[in-house]
Amino acid sequence: MAGRMTPDRKTVEFDFLDVAGGTQYGHMDHAVFTMIDANRHTEDWTCMMPGDKPVHAHYELQRTR
């Protein structure tokens, strides 16, 4: 995967670049990490399943105290 950061440095985005081996069982295609503040961030993931069927996952994470 190849990553890039937004100019405000709050979001890192990764895109599928290449794979060694096959993708017959699917592959991770895209991921986005967004920093909301020092204690919270979100993650958005896209996995491409066989037949190019996307599966999305969204997480909202918070640091425990």
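This is a predicted model: local features need pLDDT of at least 70, side-chain atom pairs count only at pLDDT 80 or more; totals for chains, interfaces and linings use all residues.

Below are my notes on the sheet, one histidine and some aromatic rings.

I traced an open sheet of five strands, ordered S1-S2-S3-S4-S5, with antiparallel pairing. S1 (2–5) and S5 (53–62) are the edge strands; each has a single partner, so one side of each lacks a neighbour in the sheet. From one strand to the next, the twist averages 10°. I then looked at S4 (residues 40–49) and S5, which run antiparallel and are joined by 10 bridges. I looked up cysteine 47 as well, and its bridge partner is valine 55 in S5.

**Histidine 30.** I found this residue in strand S3 (residues 27–37). Is histidine 30 buried or exposed? Its relative accessible area is 18%, so I noted it as buried, the cut-off being under 20%. A polar atom of its side chain lies 3.3 Å from the backbone oxygen of phenylalanine 14. Among the residues that histidine 30 touches are Met1, Asp44 and Trp45.

**The rings.** How many aromatic pairs are there? I got two. Phenylalanine 14 and phenylalanine 33 have ring centres 6.1 Å apart and planes at 90°, so I wrote down edge-to-face. This pair ties S2 (residues 11–15) to S3, parts that are 19 residues apart in sequence. Phenylalanine 33 and tryptophan 45 are also edge-to-face, with centres 5.4 Å apart and planes at 80°. That pair links S3 with S4, across 12 residues. I noted that Phe14, Phe33 and Trp45 form one aromatic cluster. Phenylalanine 14 is partly exposed at 27%, and tryptophan 45 is partly exposed at 25%.

Notes. Residues are numbered from 1 along each chain as its sequence is written. Side-chain values use heavy atoms; hydrogens and water are left out. Two strands pair if DSSP finds at least two bridges between them. Helices (H or I, at least four residues) and strands (E, at least two) are DSSP runs, numbered from the N terminus. Axes are lines fitted to C-alpha atoms, for helices over the stretch in contact, and angles run from 0 to 180 degrees between N-to-C directions. Buried means under 20% relative accessible area, exposed over 50%, partly exposed in between (1.4 Å probe, protein chains only). A polar contact is a pair of N or O atoms within 3.5 Å; within protein, one must be able to donate a hydrogen and the other to accept it, and residues adjacent in sequence count only if both atoms are side-chain atoms. Contact means heavy atoms within 4.5 Å. Rings of Phe, Tyr and Trp (its six-membered ring) pair if their centres lie within 6.5 Å; planes under 30 degrees apart count as stacked, over 60 as edge-to-face and the rest as tilted. Lists of a residue's contacts leave out its neighbours within four places in sequence.
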